[in-house]
Amino acid sequence: EAVAELARAVQVHPTLQALDLSNNGFSWECGSALGCMLRNQQPGLTELHLGGNRAARAAGLTAFAMALGSCGSLRALHLDQVTPEISDTEGRFAVDTLLDGIIKVLHALEVLDLSRNALGPRGAHALTRHWLAEGSSLTWLGLSHCAIEEIGARHLAQALQSSQGLPMLRTLLLSHNPLGDKGVEALA
């Protein structure tokens with residue numbers, strides 16, 4: 001309720017450029033209020049930190065993720081540790097939904113932190129597919145603790161090696177992923 005009220009207040013504050021709500025213990029049941037905030041926010045919001053607020057259910061992320069596409073002013077998005085640690089099916093649905101929303105704003109982002117979300121090779125592939133098709137202006141990418149295995153590393157390597165994929169990337173965080181020797185070789 002308090003996050004929803006704050007989200008409504010942010011909508012009418014045109015000079016707000018950065019909002020940090022990370023590690024505040026909300027469960028994403030307020031996802032629709034956050035989504036509404038993004039849809040109605042003046043074009044000034046360029047940085048959003050929501051990490052450390054793990055969703056209790058995938059449904060809470062859906063409204064938020066769907067609204068991401070209407071927030072073209074975002075340049076930095078920090079969503080570390082937000083997907084639920086629950087059943088495989090719902091966890092995969094949460095990751096897929098989140099990635100669908102992120103892909104809508106990926107062209108404008110310069111900083112993206114998805115650390116501590118179980119993206120896995122599937123998530124790495126979805127992001128890479130988009131980067132190879134559309135390009136990216138990312139300069140900083142956090143994918144630590146994302147369960148990205150060898151095959152996911154190979155997908156990321158494709159984006160890194162392509163002039164279209166991630167040409168501006170300066171920082172890539174991949175710590176605590178089971179990349180294995182072959183995954184590291186692909187990235188080298």
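Reader: So how much accessible surface does the protein have, and what share belongs to carbon and sulfur atoms?

Author: The accessible surface is about 8700 Å², and carbon and sulfur atoms hold 51% of that. Areas come from the Shrake-Rupley method with a 1.4 Å probe, and for residues only the protein chains shown count as cover. Before we go on: this is a predicted model, where local features need pLDDT of at least 70 and side-chain atom pairs count only at pLDDT 80 or more, while totals for chains, interfaces and linings use all residues. Residues are numbered from 1 along each chain as its sequence is written, and side-chain values use heavy atoms, with hydrogens and water left out.

Reader: Okay, and how many helices and strands are there?

Author: The protein has 7 helices and 6 strands. Those are DSSP runs numbered from the N terminus: helices are H or I with at least four residues, strands are E with at least two. Going from the N terminus, the order is α-β-α-β-α-β-α-β-α-β-α-β-α.

Reader: What percentage of the residues count as buried?

Author: Of the 188 residues, 50% do. Buried means under 20% relative accessible area, exposed means over 50%, and partly exposed is in between, with a 1.4 Å probe and protein chains only.

Reader: Which residues touch the most other members of the largest nonpolar core?

Author: Trp-28, Leu-34 and Leu-79 do, in a core of 53 residues. Such a core is a set of buried Ala, Val, Leu, Ile, Met, Phe, Trp, Tyr and Cys residues joined through side-chain atoms within 4.5 Å. The elements giving two or more residues to this core are helices H1 (2-11), H2 (31-40), H3 (59-67), H4 (88-105), H5 and H6. H4 supplies the largest share, 6 residues. As background, nonpolar side chains in soluble globular proteins tend to be buried together.

Reader: And what does Leu-79 touch?

Author: Leaving out residues up to four places away in sequence, the contacts of Leu-79 include Trp-28, Phe-64, Leu-98, Ile-102 and Asp-113. A contact means heavy atoms within 4.5 Å.

Reader: Switching to charges. How many salt bridges turn up in the whole structure?

Author: There are 2, counting a side-chain nitrogen of Lys or Arg within 4 Å of a carboxyl oxygen of Asp or Glu. In one of them, Arg-122 meets Asp-96 at 2.2 Å, N to O. Arg-122 is in helix H5 and Asp-96 in helix H4, so this pair ties together parts 26 residues apart in sequence. Arg-122 is partly exposed at 48% relative accessibility, and Asp-96 is partly exposed at 28%.

Reader: Where do Arg-154 and Glu-150 lie?

Author: Both are in helix H6, 4 residues apart, or about one turn of the helix. Arg-154 is partly exposed at 37%, and so is Glu-150 at 30%.

Reader: While we're on H6, which of its residues are buried?

Author: Gly-152, Ala-153, His-155, Leu-156, Ala-157 and Ala-159. The buried residues of H6 pack against H5 and helix H7 (180-187).

Reader: Is His-130 buried or exposed?

Author: His-130 is buried, with a relative accessible area of 14%. This histidine sits in helix H5 (residues 120-134). Apart from neighbours within four places in sequence, His-130 contacts Ile-103, Leu-106 and Gly-135.

Reader: Last one: what's the phi of Gln-81?

Author: Near 55°, a positive value in a residue other than glycine. Gln-81 is in the loop between strand S3 (76-78) and H4. Arg-116 also has a positive phi, near 60°, and that arginine is in the loop between strand S4 (111-113) and H5.
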